[in-house]
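Try each task yourself, then check the steps under it.

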Amino acid sequence: MALPRDRWQLRLCLLFLCFCFIGAVLVDVDKCEELRIGQYICDSPKINDVTQEPENCTNETAFVPCMPAPNITCRNYSGLVNTFTGKEVGFYKPLPCRNVSGYSYKVAVALSLFLGWLGADRFYLGYPALGLLKFCTVGFCGIGSLIDFVLISAQVR
């Protein structure tokens with residue numbers, strides 16, 4: 001015996017609503033690391049005065065705690081889905097470390113800017129042969145001094 005048309009429509013509507021509800025419950029939540037800029041805020045790294053790089057640097061990377069904005073739902077660093085209030089740590093953002101081998105970054109840049117043509121920056125950073133070569137050639141006629149200033153400023157090794 002066939003069901004009346006109204007009952008078929010009702011059953012199809014209920015079936016559709018069930019699938020929608022199940023789909024909404026089973027939606028995969030993104031990781032907090034995948035949030036866009038403005039949806040989280042990270043603490044500033046603590047800088048070591050001696051090395052001029054972030055503290056807790058390992059393998060040239062430091063991690064700073066980041067808090068998702070209020071009412072953001074995502075998977076935190078331990079994999080749990082959480083709706084944040086803006087005060088809980090959601091993930092740790094990797095931050096590259098500048099390695100200047102224990103020398104002061106600010107002093108190296110200042111020496112490169114003002115006395116780079118004499119090789120003082122290279123003497124200070126522990127490269128006496130390059131320092132002597134720059135001294136004898138007056139900073140490779142200024143070109144070497146400019147290149148060294150850019151390299152030291154950008155921390156390219």
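**Getting your bearings**

Of the chain's 157 residues, 24% count as buried, where buried means under 20% relative accessible area, exposed means over 50% and partly exposed is in between (1.4 Å probe, protein chains only). Before you start: this is a predicted model, where local features need pLDDT of at least 70 and side-chain atom pairs count only at pLDDT 80 or more, while totals for chains, interfaces and linings use all residues. Residues are numbered from 1 along each chain as its sequence is written, and side-chain values use heavy atoms, with hydrogens and water left out.

**Exercise 1. Walk along the chain**

Work out how many helices and strands the chain has, and in what pattern they follow.

*Solution.* 
- Step one is the count: there are six helices and five strands. Helices (H or I, at least four residues) and strands (E, at least two) are DSSP runs, numbered from the N terminus.
- Step two is the pattern, which reads α-β-β-β-β-β-α-α-α-α-α along the sequence.
- Step three looks at contacts, meaning heavy atoms within 4.5 Å. Among those between residues at least 6 apart in sequence, 52% join residues at least 24 apart.

**Exercise 2. Find the disulfides**

Find which cysteines pair up with cysteine 32 and cysteine 42, and say where the partners sit.

*Solution.* 
- Start with the rule: a disulfide is a pair of cysteine sulfur atoms within 2.5 Å. The count by this rule is two disulfides.
- Cysteine 32 goes with cysteine 74, and their sulfur atoms are 2.0 Å apart. This pair links distant parts of the chain: cysteine 32 is in the loop between α1 (5-25) and β1 (40-42), and cysteine 74 is in strand β3 (residues 73-75), 42 residues apart. The link is right-handed, with 85° about the S-S bond.
- Now check how covered these two are. Cysteine 32 has 0% relative accessibility, so it counts as buried; cysteine 74 is buried too, at 1%.
- Cysteine 42 goes with cysteine 66, their sulfur atoms 1.8 Å apart. Because cysteine 42 lies in strand β1 and cysteine 66 in strand β2 (residues 61-68), the pair ties together parts that are 24 residues apart in sequence. The torsion about this S-S bond is about 100°, so this disulfide is right-handed.
- Cysteine 66 is buried at 0%, whereas cysteine 42 is partly exposed at 24%.
- Finally, look at two further cysteines: cysteine 136 is exposed at 58% relative accessibility, and cysteine 141 is exposed at 72%.

**Exercise 3. Look into the core**

Which residues make up the largest nonpolar core?

*Solution.* 
- First, the term: a nonpolar core is a set of buried Ala, Val, Leu, Ile, Met, Phe, Trp, Tyr and Cys residues joined through side-chain atoms within 4.5 Å.
- The largest one has eight residues: Cys32, Leu35, Tyr40, Cys66, Ile72, Cys74, Phe84 and Phe91.
- Zoom in on phenylalanine 91. Setting aside residues up to four places away in sequence, phenylalanine 91 touches Cys32, Glu33, Tyr40, Val64, Pro65, Cys66 and Tyr77.
- A second, separate core has five residues, including Tyr105, Ala108, Val109 and Ile152.

**Exercise 4. Order the strands**

In what order do the three strands of the open sheet lie?

*Solution.* 
- Two strands pair if DSSP finds at least two bridges between them.
- The order is β1-β2-β5, with antiparallel pairing.
- β1 and β5 (91-96) are the edge strands, each pairing on one side only.
- From one strand to the next, the twist averages 40°.
- β2 and β5 pair over six bridges, and phenylalanine 63 has proline 94 in β5 as its bridge partner.

**Exercise 5. Visit serine 145**

Is serine 145 buried or exposed, and which residues is serine 145 in contact with?

*Solution.* 
- Find serine 145 in helix α6 (residues 143-154).
- Its relative accessibility is 10%, so serine 145 counts as buried.
- Leaving aside neighbours within four places in sequence, serine 145 is in contact with Ser112, Gly116, Trp117, Lys134 and Gly139.
- The side chain of serine 145 reaches the backbone oxygen of glycine 116 at 3.4 Å and the backbone nitrogen of tryptophan 117 at 3.3 Å.

Methods. Axes are lines fitted to C-alpha atoms, for helices over the stretch in contact, and angles run from 0 to 180 degrees between N-to-C directions. A polar contact is a pair of N or O atoms within 3.5 Å; within protein, one must be able to donate a hydrogen and the other to accept it, and residues adjacent in sequence count only if both atoms are side-chain atoms.
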